[in-house]
Amino acid sequence: MVWSVLTLLFLVELLAWAAYGVLGWALSPGWLWVWLLPLLVVSLWAATASPRARWRGAVLTPVVKLLAFTGAVLALVGTGHPVAGGVLGVLATAVHLAARRPDVRARLEQISTPDGVRD
């Protein structure tokens, strides 16, 4: 169960980043923004929201996640994919609620601190 939730968390993140690629393709010039926009979002995510992020925080991490997923849903809706946006929103919400289970949170804590060593 735990690994299923963690896998779904990762897949939902990939889908969100792909949504920014869809938005990038709709912008001009599409060939530039299709790569640049997801790269910016992934960089922000890696710095603040990933399990081993340098600047994780009790407020910063959830805010970045909320903004990233909300932006991804709005990107899909704004580019003419409202069903995909709705599915992404529901899926992201469901997976993040499942990730709040104590066993999943404990595994996420283990992942974020390699070898169980804390600073």
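Student: Is V90 buried or exposed, and which aromatic pairs does the structure hold?

Tutor: V90 counts as exposed, because its relative accessibility is 58% and the cut-off for that class is over 50%. The model is a predicted one, and V90 is found in helix α4, which covers residues 82-98. Between V90 and E109 there are 25 Å in space, C-alpha to C-alpha, for a separation of 19 residues in sequence.

The structure holds two aromatic pairs. One of them joins W17 and W45 in an edge-to-face arrangement, with 6.1 Å from centre to centre and 80 degrees between the planes. Since W17 belongs to helix α1 and W45 to helix α2 (residues 30-48), this pair ties together parts that are 28 residues apart in sequence. Both W17 and W45 are buried. The rings of W45 and F69 have centres 5.6 Å apart and planes at 90 degrees, so this pair is edge-to-face. F69 lies in helix α3 (residues 60-78) and W45 in helix α2, so the pair ties together parts that are 24 residues apart in sequence. Through these ring pairs, W17, W45 and F69 are linked into a cluster.

The accessible areas of W45 and F69 can be stated individually. W45 is buried because its relative accessible area is 4%, which falls under the cut-off of 20%. F69 is likewise buried, at a relative accessible area of 10%. Apart from neighbours within four places in sequence, F69 is in contact with V12, E13, A16, W45, A92 and H96.

In soluble globular proteins, nonpolar side chains tend to be buried together.

L8, F10, L11 and L14 form a nonpolar patch on the surface, with about 340 Å² of accessible area together. Of these residues, L8 lies in helix α1, which spans residues 2-26. L8 is partly exposed, because its relative accessible area is 39%.

Key. Residues are numbered from 1 along each chain as its sequence is written. This is a predicted model: local features need pLDDT of at least 70, side-chain atom pairs count only at pLDDT 80 or more; totals for chains, interfaces and linings use all residues. Side-chain values use heavy atoms; hydrogens and water are left out. Patches are made of residues with over 30% relative accessible area and no salt bridge: like charges are joined within 9 Å, nonpolar side chains (Val, Leu, Ile, Met, Phe, Trp, Tyr) within 5 Å. Accessible areas come from the Shrake-Rupley method with a 1.4 Å probe; for residues, only the protein chains shown count as cover. A salt bridge is a side-chain nitrogen of Lys or Arg within 4 Å of a carboxyl oxygen of Asp or Glu. Helices (H or I, at least four residues) and strands (E, at least two) are DSSP runs, numbered from the N terminus. Buried means under 20% relative accessible area, exposed over 50%, partly exposed in between (1.4 Å probe, protein chains only). Rings of Phe, Tyr and Trp (its six-membered ring) pair if their centres lie within 6.5 Å; planes under 30 degrees apart count as stacked, over 60 as edge-to-face and the rest as tilted. Contact means heavy atoms within 4.5 Å.
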